[in-house]
Amino acid sequence: MSGLLIIGSSNLDHCLNVARFPTPGETLNSKQYFQAYGGKGANQAVAAARLGANTTFISTLGNDAAGNAMRQYFIEQGINVQHIQLINGKATGLAMILIDQHGENQIVLHDGANAALDSAFIEQYATAAIKECDALLLQLETPLDGIIQAATIAAQHDRRTYLNPAPYCDLPDTLLSLIDTITPNETEATELTGIKPDTAENMQAACDFLHEKGIREVLITLGSKGIYLSNEQTRQHYPGFDVKAVDTTAAGDTFNGAYFAAQLNGLSTQAAIAYAQAAAALAIQQAGAQSSIPSQQAVQDFLDAQA
């Protein structure tokens with residue numbers, strides 16, 4: 001096996017469209033309710049596979065109707081699922097998502113079976129896959145000890161390791177030193193570094209803080225304002241595409257899956273950023289998480305239209 005290995009969460013999303021977010025103690029009526037497959041790991045795996053990467057996904061699902069259906073769905077997306085485990089006695093993870101009229105969201109998670117993705121699980125079920133992959137992509141929606149274990153194994157076998165530090169939690173320097181590329185958004189960059197990336201100077205200062213931890217490449221995702229990239233060759237801001245957002249739930253996950261898929265397929269960093277920005281721009285114009293992730297052809301058509 002080679003290609004991109006993604007280790008992370010899988011959730012059944014319960015989505016409610018509201019005119020605005022409720023205040024404490026307030027009850028609002030929802031305009032629409034729907035279910036969708038989500039979870040940061042699963043979103044990124046679907047994005048990577050749909051957008052051109054040879055993708056293997058390692059996750060823990062409940063041995064329930066949702067978990068079995070989700071595993072079959074991953075197979076249909078062209079994802080290698082041989083290392084996904086169905087956990088007896090645990091429900092598949094779920095997320096309650098409120099989406100307002102501007103496409104912004106508020107999310108509450110229940111770990112469920114995702115909590116089983118710990119260091120012992122990684123050691124038993126993921127070691128061989130990490131040794132064989134070209135690159136490893138991680139997020140922070142599963143137990144931190146499992147994430148550290150996966151990054152440690154990858155470093156021992158000289159595998160590139162990418163981290164999307166979301167949802168944010170405090171990270172030890174030992175983990176950061178194992179990461180080749182990190183992709184925080186503005187809030188996560190502020191939490192990681194203590195520096196708010198609200199000016200070009202502060203963006204680079206935040207990146208330099210992370211470089212000093214041993215991370216070679218930093219991409220700060222700035223929403224509609226684009227991307228700031230810092231590595232040994234480049235310090236540059238890339239503007240975003242101007243589109244109307246319907247649902248931003250999977251924007252970051254789509255960007256991450258698309259960016260690393262494009263890199264593994266040989267695109268330059270600049271071309272991979274444009275490709276990933278286009279994928280995210282298309283995703284936020286549709287409702288749902290994985291259902292909003294575009295195809296390779298849709299992304300190329302979008303880029304051609306922009307040119």
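Hi everyone. Residues are numbered from 1 along each chain as its sequence is written. Since we have a predicted model, local features need pLDDT of at least 70, side-chain atom pairs count only at pLDDT 80 or more, totals for chains, interfaces and linings use all residues, and side-chain values use heavy atoms, with hydrogens and water left out.

Let's begin with the sheet. Two strands pair if DSSP finds at least two bridges between them. Strands of a sheet pair through backbone hydrogen bonds, either parallel or antiparallel.

Here we have an open sheet of eight strands with mixed pairing, in the order S4-S1-S9-S10-S11-S12-S13-S14. Which strands stand at the edges? They are S4 (55-58) and S14 (235-238); each has a single partner strand, so one side of each is left without a neighbour in the sheet. Further in, S1 (residues 4-7) pairs with S9 (residues 135-138) in the parallel sense, over four bridges.

For antiparallel pairing, look at S7 (residues 93-99) and S8 (residues 105-110), joined over six bridges. Ala95 has Leu109 in S8 as its bridge partner. These two strands make a hairpin with five residues between them, and Gly103 in the turn has a positive phi of about 85°.

Now the helices. Helix H9 (269-283) lies across S12 (217-221), S13 (227-230) and S14, and runs at about 155° to S13. Axes here are lines fitted to C-alpha atoms, for helices over the stretch in contact, and angles between N-to-C directions run from 0 to 180 degrees.

How do H9 and H10 pack? Their axes are 9 Å apart, at an angle of about 105°. The two helices are therefore roughly perpendicular to each other (that label covers 65 to 115 degrees; under 35 is roughly parallel, over 145 roughly antiparallel, and the rest oblique). Contact means heavy atoms within 4.5 Å. On the H9 side, the residues that meet H10 include Ala274, Tyr275 and Leu282, and among those they meet in H10 are Val299, Phe302 and Leu303.

Buried means under 20% relative accessible area, exposed over 50%, and partly exposed in between, with a 1.4 Å probe and protein chains only. In H10 (residues 296-306), the buried residues are Val299, Phe302 and Leu303. Seen down the helix axis, they fall within an arc of 95°, so they line one face of H10; the arc is taken from the directions from the axis to the C-beta atoms. An α-helix has 3.6 residues a turn, so residues three or four places apart point the same way. H9 is part of what covers this buried side, while the face turned away from it carries the exposed residues Gln297 and Ala305.

On to charges. A salt bridge is a side-chain nitrogen of Lys or Arg within 4 Å of a carboxyl oxygen of Asp or Glu. How many does the whole structure hold? The search finds six. One of them joins Arg216 and Asp180, at 2.3 Å from N to O. This pair links distant parts of the chain, 36 residues apart: Arg216 is in the loop between H7 (200-212) and S12, Asp180 in the loop between H5 (173-176) and S11 (181-182). Asp180 is buried, at 14% relative accessible area.

Another joins Arg235 and Asp208, at 3.7 Å. Arg235 is in strand S14 and Asp208 in helix H7, 27 residues apart. Arg235 is exposed at 57%, whereas Asp208 is partly exposed at 25%.

Last stop, the backbone. Most residues other than glycine have a negative phi, and most peptide bonds are trans. Asp158, however, has a positive phi near 55°. Asp158 sits in the loop between H4 (144-156) and S10, and is exposed at 69%. Then there is a cis peptide bond between Ala166 and Pro167, with omega about -10°. You'll find Pro167 in the loop between S10 (160-163) and H5.
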